[in-house]
Every structure is written in C-alpha cells, then in structure tokens.
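Subject: Model for your files

Hello,

Please find the structure below. My notes on it follow.

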Amino acid sequence: MSRIAETFARLRQDGKKGFIPFITAGDPNLETTRELIVELARAATVIELGVPFSDPMADGPVIQRASERALRQGFGLTEILQTSAEARKQTRVPIVLFSYFNPLLQFGLEKLAREAEHAGVDGILVTDLAPEEAGRFAAMLRAHEIDLIFLVAPTSTDERLRMVAERASGFIYAVSRTGVTGARAEMSVESEKLVSRVRKFSDLPVAVGFGISKPDQVADVWRYADAAVVGSAIVGEIEKAQSAAEAVSRVGRFARLLISG
Amino acid sequence: MSYVLQDERGQIATTHSISAGLDYPSIGPEHAFLHDSGRVEYTSVSDDEALGAFQMLSKLEGIIPALESAHAVAHALKVAREMKSEQVLIINLSGRGDKDIDTVREQVGSANK
C-alpha cells in the first residue's frame, strides 16, 4: 500500500477528514520550501508541491506570481527533488508533485519515476495530462510505487470519470468548478454533486480543491469529501510575508486556522 | 506532440514576431508531422523582410497580404531568384493584410521619420 493510501486509510479509520495544502516549490526559495513542508506536515494529510512552470494555464494570478518568483531563481526538477528528499528526512507526510507535463517530459519520465521514488515523493499530479495519454506514465510510476493523481471537473462526463477511476491511484482530485485556481467567496454547489458522481466509479478517497480559502469552506467540503485542498490562499500568505521566517510562521498559523472548523 | 521553443528544463520561451499569428512558441502538430516526414521544408524570414514583402506586393499587385503571409512572400522572393523564368512558383496567401495596416504604419512610419 502506498503512503498516500495508508494515510487515507488511517484517516478513514479514525473518522477524520483530510487537509491538503499546496505550495509552489522555490517560493520564496527552496530552503524555505523545505521548512514550509515540515511546518505544514503538522496539519496536513498530504502536501502538494507545485513545480513552477512558465505557462501555468490552470492557475489564477496568485499561483502564477508564485511560479514567476520561483522561476527567477533558475532551478529545475533536480533541485525540487533534492528539497523533497531533505524534507523527507524530517517528516513522513505524503508529498505529491503538482506539475504541468512539459517540465516532466523534458526531464525524462523514466528518470523522474526513479528519482522521485528516491526523493520520497509519493504521488504526481499532472494538470494537463489527459487520461487517454497517461497509461504509459502511470505504469512507470506504479513500478516505483508512486501514485498518479488525476483531476476531474464538473464538466467531466461519466465516461471520463470511469476512465480516470481505472487509471488513478492514491486519491482523486475533484475540481470544485470550471476555471482556474484562486480563492472564491462562495463554494459552488457543483462540487458536492461531482464528488457523489465520482464515488459511483471509484472507492478512492476524493479531495476537493480550487477556490477554498476559509475554515468554514474546509468544514463544508468535509461534509461530503475526504479532504480539502487549499492552494492560492496559502500561497497568498507566503506572498504577504516580509521574510522567509515570517512566511513559515504565517503559513503554519493559517493552516491551523483552516482546519479549526 | 509538436515542436516547442523551450529551455532544457521544459520552460516555454518568450517569443517575438511582427505578426501576431506567428508570435507563438509552438506549431500545429500537422506541421510537426510534415516536417518529420520530410514533405515540407520550413524556414524563417526576419520582421524587416516580411515588412518589405508586404509593401512590395501591395505596391506592385494591389494585394495586401497578411503579415503572416508576407513571410511567405519574402521567402518566395529569395527562392525565385534561383529559378528559371519558365518555372512556376505558387504562394499561398493565407490571410489578408488590412488587419495589419496599423502595425505596418507604426513600423514603416517610424522608419521614415
């Protein structure tokens, strides 16, 4: 059983729900990313580590700016995996790389599967990899005990939900609405409907993300899903901080607030 | 799959072209396939060459080519010089240039000042 599956099984046993924070690797720098992972691990079920990309078409302005800050430092996947490996020495929290496909493709998919396993990465989510194209990559990752996480959206047809259910492992990420990442005042009612549709096809835990920024939204998602993902609101805390140390303490405080509901 | 202007880490490069339709770091997969199969030879021309061809075709034929198509005209001018007079050369003007008048006026106008 993968570390992600184990973590969710334990959560379910304890009758608890999960919290999945997202941060962009290298924002504000990789050393702080390691500290943020360790800090977030105290509240998180799984941590999503964003791989910065020049053309982040699924992301709203907050995460776009984080990607730009990270890219200016000129590191790549090798350094992100090193950071992940260093964090792994300090925590057992599952880490999921959240990436666009091109940086992974240029790095080399087989090499990535091998090195990600060494670095203690537990899952990879590729925003722009359609399930039809994912078979070979999923098999490579499976051989290295890494879960391939898929996104589904309110617009996903039953046929596609079934296809994702066949290929996914770890958990399924349900996007709460159409559009890009970013905080919203109201959560859409569509996401609850989507989660119940996903459950018709898969027994995997379902996490809901996109637009969640407040404790009451997290609590609401916990009514019907297994975990809530918070990205832009956390990245926004990092952006507001005047120093790396302040970023870590702000994010820790904010994470505890989010799960207090 | 297609060709993309990118660095070794897979980050997409920023681009420049005087024509909006070419100012993009990738190419349609059909072109990538035609390139790989060797059926089409792809080449490039500069902004200035395209602008020159745009003006030449407008003046000599009264046909205003799109700036994208003006690139083809510019390359055709180079190829034609190597050809025999009885040989025929066809240019596909994929778009009209009245949409580009403002861009050309800006560029050519500033060069004439």
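By class, eight nonpolar, three polar and one charged residues line the second largest cavity. Here Ala, Val, Leu, Ile, Met, Phe, Trp, Tyr, Cys and Pro count as nonpolar, Asp, Glu, Lys and Arg as charged, and the others, Gly among them, as polar. This is a predicted model, in which local features need pLDDT of at least 70 and side-chain atom pairs pLDDT 80 or more, while totals for chains, interfaces and linings use all residues. Residues are numbered from 1 along each chain as its sequence is written, chains are lettered from A and ligands numbered from 1 in the order written, and side-chain values use heavy atoms, without hydrogens and water.

The lining of the second largest cavity includes A:Phe22, A:Asp59 and A:Tyr100. Strand 1 (18-24) and helix 3 (61-71) of chain A each give two or more residues to that lining. A cavity is a set of points on a 1 Å grid over the protein atoms alone where a 1.4 Å probe fits but cannot get out; lining residues have an atom within 4 Å of a point. Helices (H or I, at least four residues) and strands (E, at least two) are DSSP runs, numbered from the N terminus.

The largest cavity is lined by 18 residues: ten nonpolar, six polar and two charged.

Eight strands of chain A close into a barrel in the order 1-2-3-4-5-6-7-8, with parallel pairing (strands pair if DSSP finds at least two bridges between them). Strands 1 and 8 of chain A pair over four bridges; A:Ile20 has A:Val229 in strand 8 as its bridge partner.

Regards

How values were computed: On a 1 Å grid over the protein atoms alone, a cavity is a set of points where a 1.4 Å probe fits but cannot get out, and a pocket is an open set with protein on both sides within 12 Å along at least five of seven lines; lining residues have an atom within 4 Å of a point.
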